[in-house]
Amino acid sequence: MKKKLFFVSLALAGLFCLASCSKDDEKKTETKIEIADSEYDAIINQYVDGVVLPTYNDLLAKNKQLYNTVLDFGNNPSDGNFQAICNAWLAAREPWESSEAFLFGPVADFGLDPNMDSWPLDQEAIVGMLSSQQWNAMEWTGDYDEDDETIAAVQGVRGFHTLEFLAFRDGKARTLNDVASDNEAANVVYNANNATAWAQYMRNTAKLLVDDATTLYNAWTTGGYGAKFKAHTGGDFTSGISCIEQLIDGCIDIAGEVGDAKIGDPYKEYVAGNVVKALYAVESWYSWHSRDDYTNNIYSIRNAYYGSRDGSINANSLSKLVAKYNAALDTKVKTTIQAAANAIQAIPQPFRNNINSQEAAAAMEACADLSDVLENELKPFLNNATK
């Protein structure tokens with residue numbers, strides 16, 4: 001009897017094992033995902049043609065409008081034309097900040113990011129430039145090296161933020177009758193003595209912004225970088241997944257920069273008691289446009305992932321592909337993108353007056369969450385699934 005029970009037990013155990021193993025096998029079969037590398041081709045094409053190129057084209061058009069507005073001021077200085085410059089500057093910032101998820105290729109190779117967007121500024125050097133009027137000192141030639149101190153010095157007296165400094169004061173447009181509170185470079189004001197130099201400085205700065213945007217757009221179009229990226233047949237990009245990895249890496253970089261540097265650096269200085277240093281670390285504080293700049297940085301991630309510039313999800317987008325194979329992950333990516341944008345917008349305005357707020361800390365955490373999802377969930381999922 002004992003032997004029979006033993007054999008019955010073995011038989012039952014065998015059946016249980018077969019059933020269990022069968023279910024495990026089925027589960028493994030059901031969860032195994034294989035993405036053909038060719039599935040990325042349409043996504044890459046849409047990314048270039050529907051996101052990168054339109055963004056750079058928009059940047060070029062708005063930089064040209066900004067330049068023309070600066071020329072109008074030079075021909076007719078007025079409070080109204082100061083305001084017009086500020087409005088045009090704000091308009092041009094949107095495509096630039098919403099391009100920062102793809103700061104690779106020509107924008108990095110030619111030093112165009114620091115050319116257009118160096119921060120913080122060298123205010124003493126800017127005041128010195130107004131005095132010397134040696135405008136050629138704003139230009140540099142040769143191979144770009146981001147560690148070159150000479151190039152860095154040049155980039156610190158040009159770009160969006162130099163023009164911001166010359167057009168805005170305390171979050172508002174300057175006027176022809178501003179009054180200086182002291183002799184500090186940070187508080188220099190437009191007046192009859194420097195009016196001609198001030199207009200020329202704005203004109204030269206705006207012209208360089210047009211030149212840099214032209215170089216950037218042409219490098220992606222007639223220069224062939226966009227075509228090479230889409231073809232991904234050599235150089236840094238030899239497969240669809242290599243291009244997708246670059247797309248995601250760009251998103252990871254800017255998510256980290258917004259949280260760790262753009263919000264984090266001023267926050268850390270402030271809580272350490274370095275209040276003045278914290279204030280000067282806040283990007284775009286002359287215009288009080290920091291929150292919108294940072295939000296547009298997050299939207300650059302959204303645009304890259306959605307394959308569009310208007311918040312819609314394109315059929316040929318990374319979002320659609322991920323949703324096809326892992327709907328939960330796609331939802332998580334979209335949710336964390338929006339959560340980061342919302343957290344930044346929740347910081348009381350202006351950010352420079354609320355650096356150590358609970359909302360600023362929450363925004364840093366939201367950006368860290370976004371970076372973590374992109375780096376530790378989205379990127380590994382696609383790498384492991386791609387065949």
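The model is predicted: local features need pLDDT of at least 70, side-chain atom pairs count only at pLDDT 80 or more, and totals for chains, interfaces and linings use all residues. Numbering starts from 1 along each chain as its sequence is written, and side-chain values use heavy atoms, with hydrogens and water left out.

Helices here are DSSP runs (H or I, at least four residues), and strands are E runs of at least two, both numbered from the N terminus. Two packed helices are described by the angle between their axes and the distance between the axes. Axes are lines fitted to C-alpha atoms, for helices over the stretch in contact, with angles from 0 to 180 degrees between N-to-C directions.

| Helix pair | Axes come within | Crossing angle |
|---|---|---|
| α11 and α16 | 9 Å | roughly 165° |
| α13 and α16 | 12 Å | roughly 30° |
| α14 and α16 | 12 Å | roughly 70° |

Angles under 35 degrees count as roughly parallel, over 145 as roughly antiparallel, 65 to 115 as roughly perpendicular and the rest as oblique. α11 and α16 are therefore roughly antiparallel. Their crossing is left-handed (the near helix is turned anticlockwise from the far one by less than a right angle; clockwise would be right-handed). The contact of α11 with α16 divides into 18 nonpolar, five polar and four charged residues.

α13 spans residues 290-306. α13 and α16 are roughly parallel, and α13 passes α16 in a left-handed crossing. I298, I301 and Y305 in α13 meet C367, L370, L374 and L378 in α16 (contact means heavy atoms within 4.5 Å). This contact has seven nonpolar, no polar and no charged residues.

α14 covers residues 318-325, and α16 covers 358-385. α14 and α16 are roughly perpendicular. L318, V322 and Y325 in α14 meet L378, F381 and L382 in α16. Here six residues are nonpolar, with no polar and no charged ones.

**The largest pocket**

The largest pocket has a volume of about 320 Å³. On a 1 Å grid over the protein atoms alone, a pocket is an open set of points with protein on both sides within 12 Å along at least five of seven lines; lining residues have an atom within 4 Å of a point. Its volume is the space filled by probe spheres set on the points, which are joined across faces, edges and corners. Of the 13 lining residues, D117, W119, E257, K262 and E283 are the closest to the pocket centre. α5 (112-117) and α11 (240-271) are the elements that give two or more residues to the lining. α11 gives the most, with four residues. By class, the lining has five nonpolar, one polar and seven charged residues.

**Local backbone features**

The W119 to P120 peptide bond is cis, with omega near 0°. P120 lies in the loop between α5 and α6 (123-132). Q349 and P350 are also joined by a cis peptide bond, with omega about -10°. P350 sits in the loop between α15 (327-345) and α16.

Q133 is a residue other than glycine with a positive phi, near 55°. Q133 is in the loop between α6 and α7 (149-155).

S78 belongs to the loop between α2 (41-75) and α3 (79-97). Its C-alpha atom is 7.4 Å from that of T175, 97 residues apart along the chain. Leaving aside neighbours within four places in sequence, S78 is in contact with F73 and L176.

Methods: On a 1 Å grid over the protein atoms alone, a cavity is a set of points where a 1.4 Å probe fits but cannot get out, and a pocket is an open set with protein on both sides within 12 Å along at least five of seven lines; lining residues have an atom within 4 Å of a point. Ala, Val, Leu, Ile, Met, Phe, Trp, Tyr, Cys and Pro count as nonpolar, Asp, Glu, Lys and Arg as charged, and the others, Gly among them, as polar.
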